[in-house]
Amino acid sequence: RFEPMRYNDFKDLKISALGFGTMRLPMTEDGSIDYDCASLMAEQAIQGGITYFDTAYRYHEGESENFCGSVLSQYPRSSYMLADKLPTWLCKTREDAEKIFAEQLAKCRVDYFDFYLLHNVDEETWPNIEKLGLVDFVREKKEAGKAVHVGLSVHCEPKLLDTVLSKHGDVLEFVQIQINYFDWEYKNAKALHQTARRYGKPVIVMEPVRGGMLANIPSPEVRSILDDASKKDGQPGASYASIALRYAEQLDGVLCTLSGMSSPEQMAENIATFSGPVLGANQLAAIPEAGSRLRSDIIIPCTGCNYCYECPSGIKIPDLFSWYNEAAAKGFHWVWGSLSAEYEKLGPDGKDCIGCGNCQAHCPQKINIIDRLQEILKKKEELKEAGE
């Protein structure tokens, strides 16, 4: 049995602090959703007090919505809140949006969505969203009672989020952001969070353990830092996943922290995390150090200055380093495709390096570029063999 789940208030709702993200459901050997296992997890979620379920049109190649419809329809509609998202990049006309929305309602077997988001708003998708008037589209669904609350999920720079909220903040009620203690300073999670809060928008957190990397921390030193802090707070043995999840939970304005769970064991652990103690003072104090140490352990400190541009082999060194850093930060697992295929698009690489040293002579960060290119090439070959 669990202690009571923690909840947060939003309008007239009480939202569970932990949300069930259905992007990484357990799968069978043929790559389809393992309905037996995933249904058990949904039952665990309901019994454990989770009220927020999150899906999207393209999750599990379109099958996640069908799963949610099949399983959640067994429970009273008032016992859960369902969030779905409009795949803005697939909309060429307003009619496309209407068709997709109707399809989503049918697949999820509901008459309305509790939360509905413009999916993946970034600098590339935003012009089309504006052109088609998709903010007005979700507003109309809200006025019709088909989407009770509307918001957006972002993978953009803070400047764009500021632009969107300054123009459409009267319609868009909340923001979903990738937030975790690794990205807080590495990416723009902190600035995006601050922007959302400046406009008074509550936040739904996605990727709190960064695709699992913060659950299986690759740095022994970082593990030691967090272990010591947990002992001091009277939480010996606290899992790294629980620390990452609770870090996101305690940030200002966070309504719900989504976790893409893949097993009943993960579900049980995460429910216990959000039904147990919050982070202690020592854990909170240690997290910035852990994040900084982890970033320095796995990331090549390239600033993208491009002083190394005069490579006689035409190697785009900053691009390769950027690929490696992002891949490493995701634990060398790519959710939406092949890491090795992405690498190969970058052109000449370590196998083309002639070892002239011209790049290293001009690098302000004093990176041993020749060795790092070979290290990256080796990692790419490993990923290709593994099918990543």
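K107 is buried, with a relative accessible area of 14% (buried means under 20% relative accessible area, exposed over 50% and partly exposed in between, with a 1.4 Å probe and protein chains only). The model is predicted, and local features need pLDDT of at least 70, side-chain atom pairs count only at pLDDT 80 or more, and totals for chains, interfaces and linings use all residues. Residues are numbered from 1 along each chain as its sequence is written, and side-chain values use heavy atoms, with hydrogens and water left out.

**Surroundings of K107**

- K107 belongs to helix 3, which covers residues 94-108 (helices are DSSP runs of H or I with at least four residues, strands are runs of E with at least two, and both are numbered from the N terminus).
- Apart from its neighbours within four places in sequence, K107 is in contact with Y57, G62, E65, N66 and G69 (contact means heavy atoms within 4.5 Å).

- Most residues other than glycine have a negative phi.
- E61, although not a glycine, has a positive phi of about 55°.
- This residue, E61, lies in the loop between strand 4 (52-54) and helix 2 (63-72), and E61 is exposed, with a relative accessible area of 80%.
- R109 is not a glycine, yet R109 has a positive phi of about 55°.
- The loop between helix 3 and strand 6 (113-121) holds R109, which counts as exposed at 54% relative accessibility.

**Surroundings of E207**

- E207 is placed in the loop between strand 9 (203-206) and helix 9 (220-232).
- The side chains of E207 and R24 are joined by a polar contact of 2.9 Å (a pair of N or O atoms within 3.5 Å; within protein, one must be able to donate a hydrogen and the other to accept it, and residues adjacent in sequence count only if both atoms are side-chain atoms).
- Not counting residues up to four places away in sequence, E207 touches M23, R24, Q178, I179 and N180.

**Helix 1 and helix 11**

- Two packed helices are described by the angle and the distance between their axes.
- The axes of helix 1 (residues 35-47) and helix 11 (residues 264-273) come within 9 Å and cross at roughly 15° (axes are lines fitted to C-alpha atoms, for helices over the stretch in contact, and angles run from 0 to 180 degrees between N-to-C directions).
- Helix 1 is therefore roughly parallel to helix 11 (angles under 35 degrees count as roughly parallel, over 145 as roughly antiparallel, 65 to 115 as roughly perpendicular and the rest as oblique).
- From helix 1, C37, L40, M41, Q44 and A45 meet P264, M267, A268 and I271 of helix 11.
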